[in-house]
Amino acid sequence: MSSIILFTGGARSGKSRCAERYATRLSEHVVYLATATADDDEMRLRIEHHRRRRPSTWRTVEATAHLATVLAELPAGTVVLLDCLSLLVSNLLLANESDPEPAIEREITDLLAVVARRDLTLIAVTNEVGMGIVPAYPLGRQYRDLLGLANQRVAAVAAEVYLVVCGIPVELRALEAAWNRTEL
């Protein structure tokens with residue numbers, strides 16, 4: 001049976017580390033789906049730091065888009081850690097600046113469909129960007145809005161949703177208002 005678990009939080013909140021610990025509880029063999037690109041030295045260091053943290057039994061697959069294609073090739077029952085949805089949305093926004101919404105909508109729809117069809121466990125990491133300052137530039141505001149919508153879509157079908165603050169995961173489904181659960 002497929003399952004989606006979402007970890008969200010601010011920058012450096014510990015969400016990736018919490019998602020990694022969660023994945024380790026489920027399987028020794030996890031497919032780590034990385035959406036980052038090493039475009040500068042700082043990002044290369046971040047990626048290397050994440051790589052060193054992962055167990056040697058984990059397989060890393062790098063993909064900046066079309067994640068459903070990657071997931072469709074995995075055996076049923078695979079545990080997948082997607083780190084991160086935020087960079088996926090950023091990748092799609094920058095690749096489709098004139099009209100990014102359809103590409104992002106299609107990517108999320110395809111991703112959720114293949115998880116359900118392939119009986120995968122998807123642990124997704126994403127940034128919560130709607131709690132900070134309103135970005136000063138139109139592209140930043142567009143990114144915030146598109147990521148917020150993508151996060152809502154994934155959270156709506158996730159069995160578990162964790163908000164990570166200061167390295168502490170708080171299970172949001174357990175705190176969710178009862179009247180909202182009946183509408184999902």
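Which residues of α1 are buried? The close-ups below take that up first and then move on through this predicted model.

**View 1. Helix α1 and its buried residues.**
Helix α1 covers residues 15-26, so you are looking at 12 residues here. From the first C-alpha to the last, α1 reaches 17 Å, close to the 16 Å expected at 1.5 Å a residue. And the buried ones? They are K15, S16, C18, A19, E20, Y22 and A23. Here is a handy thing to keep in mind while you look: an α-helix has 3.6 residues a turn, so residues three or four places apart point the same way.

**View 2. The largest nonpolar core.**
This core holds 36 residues, and L33, L71 and L82 are the ones that touch the most other members.

Zoom in on L33 and skip its neighbours within four places in sequence. What is L33 in contact with then? The list runs V61, A63, L67, V70, L71, V80, L81, L82 and D83. One of these, L82, sits in β4 and stands opposite L33.

**View 3. Strand β4, covered on both faces.**
β4 is largely enclosed by the rest of the structure, because 5 of its 5 residues are buried. On one side you find V79, L81 and D83, and on the other V80 and L82, so both faces are covered by this count of buried residues. β4 runs parallel to β2, with 5 bridges joining the two. β4 also pairs with β5 in the parallel sense, over 5 bridges. In that pairing, V80 stands opposite L122 in β5.

Follow the chain from D83 to C84 and you meet a cis peptide bond, with omega near 15 degrees. C84 itself belongs to the loop between β4 and α4. Is C84 buried or exposed? Its relative accessibility is 9%, so C84 counts as buried.

A disulfide is a covalent bond between the sulfur atoms of two cysteines. How many disulfides does the count give here? It comes to 0. C18 is in no disulfide, and the nearest cysteine sulfur, belonging to C166, is 11 Å away. C18 counts as buried, since its relative accessibility is 5%. C84 is in no disulfide either, and for C84 the nearest cysteine sulfur is that of C18, 15 Å away.

**View 4. Two loop residues with positive phi.**
Most residues other than glycine have a negative phi, and most peptide bonds are trans. D119 has a positive phi, near 55 degrees, and is not a glycine. You will find D119 in the loop between α5 and β5. With a relative accessible area of 29%, D119 is partly exposed. C166 has a positive phi too, near 55 degrees. Where does C166 lie? In the loop between β6 (160-165) and β7 (168-171). C166 has a relative accessible area of 71%, so it is exposed.

Conventions
Residues numbered from 1 in each chain as written. Predicted model: local features only at pLDDT ≥ 70, side-chain atom pairs only at ≥ 80, totals over all residues. Heavy atoms only, no water. Core = buried A, V, L, I, M, F, W, Y, C linked by side-chain atoms within 4.5 Å. Buried < 20%, exposed > 50% of the residue type's maximum accessible area, 1.4 Å probe, protein only. Contact = heavy atoms within 4.5 Å. Helix = DSSP H or I, 4+ residues; strand = E, 2+ residues; numbered from the N terminus. Expected span 1.5 Å × (residues − 1). Disulfide = S-S within 2.5 Å. Pairing = 2+ DSSP bridges.
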